[in-house]
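Colleague: Thanks for sitting down with me over this one. Could you walk me through what you see, one question at a time?

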Amino acid sequence: MGTRKNQSSLTPAERAAFVAAVKALKASGAYDVFVTQHRTAFLAGPNDPAHGGPAFLPWHREYLRRFERALAGIDPTVSIPYWDWTVDRTAAASLWGPDFMGGNGTGADQRVTTGPFAFSTGEWSLTVRDPGDLTTFLTRAFGSMGALPTQQTVNAAKAVVPYDTAPWNANSSNNGSFRNRLEGVVHNPGHMWVGGSMMAMSSPNDPVFWLHHCNIDRLWAEWQREHPEQSYLPPSGTPGVVAGHALDDPMPPWNNESTPPTPRSVLDHHTLGYTYDNEPVSPQALPLTIDAPPVTASIGGAGEVDVFSFVVSSSGRYTIATEGTTDVVMGLYGPNDMTTLLVEDDDSGAGSNAQIARELAPGTYYARVRHYSGSSTGDYRILVTRAAGPSAPPTLQINGPAVQGSIGTVNERDLYGFRVTAPGTYTIETAGNTDCVLRLFGPETPTNLVAEDDDSGPGANSRIVANLEPGTYFAEVQHYSPTGTGSYSISVRS
Ligand code: ZN
Ligand code: ZN
């Protein structure tokens, strides 16, 4: 997989290889095809598939990847480097050296006269230009149109969620659209600070375009990693969205290809075959065995995220819980996908532990555990248990014999189903010496809570009396103490 590096860390040989590959594409005419695609997108005006809308980031991700593949066709060692302008903010940065991008424009015509892309080299004349623009040489005017984004500006943009919002264009709120904030407040100033050719619809005429957009793409990837619960917006079929910008829209100008790229197809940059040199090594998931003793783990560093995996082979109710005195937060992801969040929990377990109980279909699931405080560390234990009994909950017969049950492991939750055929008042209760908590769910779904009771029955037993319409209901039994076990019986009467 190709690694996109910070341009400031490239060796002289890597800089030379990038420049040589870019110039080879220019000589072959392939480079100008890319410039034309960018200009064509802008010329579509309100129907621009690449700017001023949700697909701004996916479109440029696809565009850069295609350019990068073209470079690799010249020299397979070459990847697009990124320009982190929060650090390299002046004309003195090595980025603008005579062996790399060349320097600022000079004179009244802002002409770039140094480096490999100076017109005087005879190898860099601008043949694809904006309508009416006759300038055939590269131009720059550093800083004349405003400042580069700061780290503070970048951080504030990366904190914005969701990805985008109505009206899905340049008028989307900068506080409700990460995309518009990044595009307008972080990306545009990069073009403007360089000035000259970078201000045009044909801005890829300046090779620094690729390094600038590579940094924008990197920031999108960081935002995706920092907000795993946020997905691309909008979904297809959302009214008022320009063609090419919804999740499953084919993106022009590639929309006539047999498998055209869509925003969805580029969401995970790793699947496109590249990574960034500052990405944390993706954590190796530690396998957990269902119903095995707890595994001891540790948030050893501030901000650390531990990832665990477990394989569900038969549908049923599973509980993933942490133990100990560290206040951890746990997210459950899957099935078979580390990035699809099912549910997150902070304190449902004992003390400040996390606990997630959920019906799970077969597949591989992932639990991501972090400290509640981004600056704290600590040890904890984690375990996965499967609720006793077959996946279809045992059925209680109304007015039939009581069913014997048992809380065999800590945190176990037993689920029972019963079918109400006539509306009326029903009593669900436990019996025995175990202090049970009873929850009633339904109708039809085991997630809609109707009532909960601890001690309304004889002794420490629970009893729920409810008026129920016909339907299937679910009674869930749990020990009052998160560390308690014991047997009980349960019955339903009309
Ligand atoms: Zn663009
Ligand atoms: Zn741009």
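Colleague: Which strands stand at the edges of the open sheet of 5 strands?

Modeller: Bear in mind that this is a predicted model. The sheet is open, with mixed pairing and the strand order 5-7-12-9-10. A strand with a single partner has one side left without a neighbour in the sheet, so we look for those at the edges: strand 5 (286-287) and strand 10 (341-345).

Colleague: Within that sheet, what is the bridge partner of Leu 332 in strand 12?

Modeller: Happy to trace that one. Strand 9 covers residues 328-333 and strand 12 covers residues 363-371; the two run antiparallel and are joined by 6 bridges. Leu 332 has as its bridge partner in strand 12 Ala 367.

Colleague: Where is Ser 376 found, and is Ser 376 buried or exposed, or in between?

Modeller: Ser 376 is found in the loop between strand 12 and strand 13 (378-386). In space, Ser 376 is 9.3 Å from Glu 304, C-alpha to C-alpha, though the two are 72 residues apart in sequence. A residue needs 20 or more other C-beta atoms within 10 Å to count as buried, and 12 or fewer to count as exposed. With 14 of them, Ser 376 is partly exposed.

Colleague: Good. How is the protein divided into domains, and what distance separates the centres of domain 1 and domain 3?

Modeller: The domain assignment gives domain 1 (3-276), domain 2 (286-386) and domain 3 (403-493). Taking the centres over C-alpha atoms, domain 1 and domain 3 are separated by 59 Å.

Colleague: Which element gives the largest share of the largest nonpolar core?

Modeller: That core has 60 residues, and Leu 182, Val 208, Trp 210, Leu 211 and Trp 220 touch the most other members. Two or more residues each come from helix 1 (12-28), helix 2 (30-43), helix 3 (56-74), helix 5 (178-194) and helix 6 (208-226). The largest share is 10 residues, and it comes from helix 6.

Colleague: Setting aside neighbours within four places in sequence, which residues is Val 208 in contact with?

Modeller: Val 208 is one of the core residues that touch the most other members. Leaving out those sequence neighbours, the contacts of Val 208 are Trp 83, Met 101, Val 194 and Met 198.

Colleague: And how many residues are in the other core that lies apart?

Modeller: Among its members are Phe 310, Tyr 318, Ile 320 and Tyr 365. The count for this other core is 22 residues.

Colleague: Back to helix 2: within what arc do its buried residues fall?

Modeller: Helix 2 has 14 residues and spans 20 Å from first to last C-alpha, close to the 20 Å expected. Tyr 31, Phe 34, Val 35, His 38 and Ala 41 are buried there, and helix 1 and helix 3 are among the elements that cover the buried residues. An α-helix has 3.6 residues a turn, so residues three or four places apart point the same way. Seen down the axis, the buried residues of helix 2 line one face, since they fall within an arc of 120°.

Colleague: Last one: how many of the 9 residues of strand 20 are buried?

Modeller: Strand 20 pairs in the antiparallel sense with strand 15 (residues 413-420) over 8 bridges, and also with strand 17 (residues 436-441) over 6 bridges. Phe 418 has Tyr 473 as its bridge partner in strand 20, while Arg 439 has Glu 476. Strand 20 (residues 471-479) is largely enclosed by the rest of the structure, because the number of its residues that are buried is 7.

Conventions. Residues are numbered from 1 along each chain as its sequence is written. Chains are lettered from A and ligands numbered from 1 in the order in which they are written. This is a predicted model: local features need pLDDT of at least 70, side-chain atom pairs count only at pLDDT 80 or more; totals for chains, interfaces and linings use all residues. A nonpolar core is a set of buried Ala, Val, Leu, Ile, Met, Phe, Trp, Tyr and Cys residues joined through C-beta atoms within 7 Å. Helices (H or I, at least four residues) and strands (E, at least two) are DSSP runs, numbered from the N terminus. Two residues are in contact if their C-beta atoms, placed from the backbone, lie within 7 Å. Two strands pair if DSSP finds at least two bridges between them. The expected span of a helix is 1.5 Å times one less than its number of residues. The arc is that of the directions from the helix axis to the C-beta atoms. Domain bounds come from an automatic or database domain assignment.
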